[in-house]
Amino acid sequence: MQIKDCPERFTLLEIIGDCAQCYEALPDAGEAAEALGIGFVHMTAGDGDEFLAEKKIEKVPALLLMCDGEEIARCYGYQPEEILEIWIDAMAERHLKET
């Protein structure tokens, strides 16, 4: 099974701060999620400090790949759209094989 078989199960959560690298990441993460047909949620650090503490987010930008509401992978820093698509697809496929 691949992400294209069940895109509705996946969401990319983007958490940014107030820095140039974070603002640079904004369009690419959303476009990567859209290209793969998965959900996308944007969050600014400071808006959900309890959530950030619970998830142990120590730096931004952070991207969390969620499947059925649970985190299955994360990465930090700016990633171009093409790289994000490859990463999302690989992490989703790995997760689907393990479950």
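Start by selecting Phe 10, Leu 12, Ile 38, Leu 65, Leu 84, Trp 87 and Ile 88: of the 21 residues in the largest nonpolar core, these touch the most other members. A nonpolar core here is a set of buried Ala, Val, Leu, Ile, Met, Phe, Trp, Tyr and Cys residues joined through side-chain atoms within 4.5 Å; buried means under 20% relative accessible area, exposed over 50%, and partly exposed in between, with a 1.4 Å probe and protein chains only. Strand E1 (10–16), H1, E3, E4 and H3 each supply at least two residues of this core, and H3 gives the most, with six residues. Helices (H or I, at least four residues) and strands (E, at least two) are DSSP runs, numbered from the N terminus.

Before going on: you're looking at a predicted model, where local features need pLDDT of at least 70 and side-chain atom pairs count only at pLDDT 80 or more, while totals for chains, interfaces and linings use all residues. Residues are numbered from 1 along each chain as its sequence is written, and side-chain values use heavy atoms, with hydrogens and water left out.

Now pick Phe 10 alone. Skipping residues up to four places away in sequence, Phe 10 touches Ile 3, Ile 38, Gly 39, Leu 65, Met 66, Cys 67, Ile 72, Ala 92 and Leu 96 (contact means heavy atoms within 4.5 Å).

Next, helix H3, residues 81–98. Color Glu 81, Leu 84, Trp 87, Ile 88, Met 91, Ala 92, His 95 and Leu 96, which are buried. They cover an arc of only 155° around the axis, so they sit on the same side of H3; the arc is that of the directions from the helix axis to the C-beta atoms.

Hop to Asp 28 in helix H1 (residues 20–36). Beyond its neighbours within four places in sequence, Asp 28 is in contact with Tyr 78, Gln 79, Pro 80, Glu 81 and Leu 84.

Finish in the loops. Between helix H2 (49–54) and strand E3 (62–67), find Pro 61; the peptide bond from Val 60 to Pro 61 is cis, with omega near 0°. Lys 56 lies in the loop between H2 and E3, and its phi is near 60°, a positive value in a residue other than glycine. Lys 56 counts as exposed because its relative accessibility is 60%.

Key: Expected span 1.5 Å × (residues − 1).
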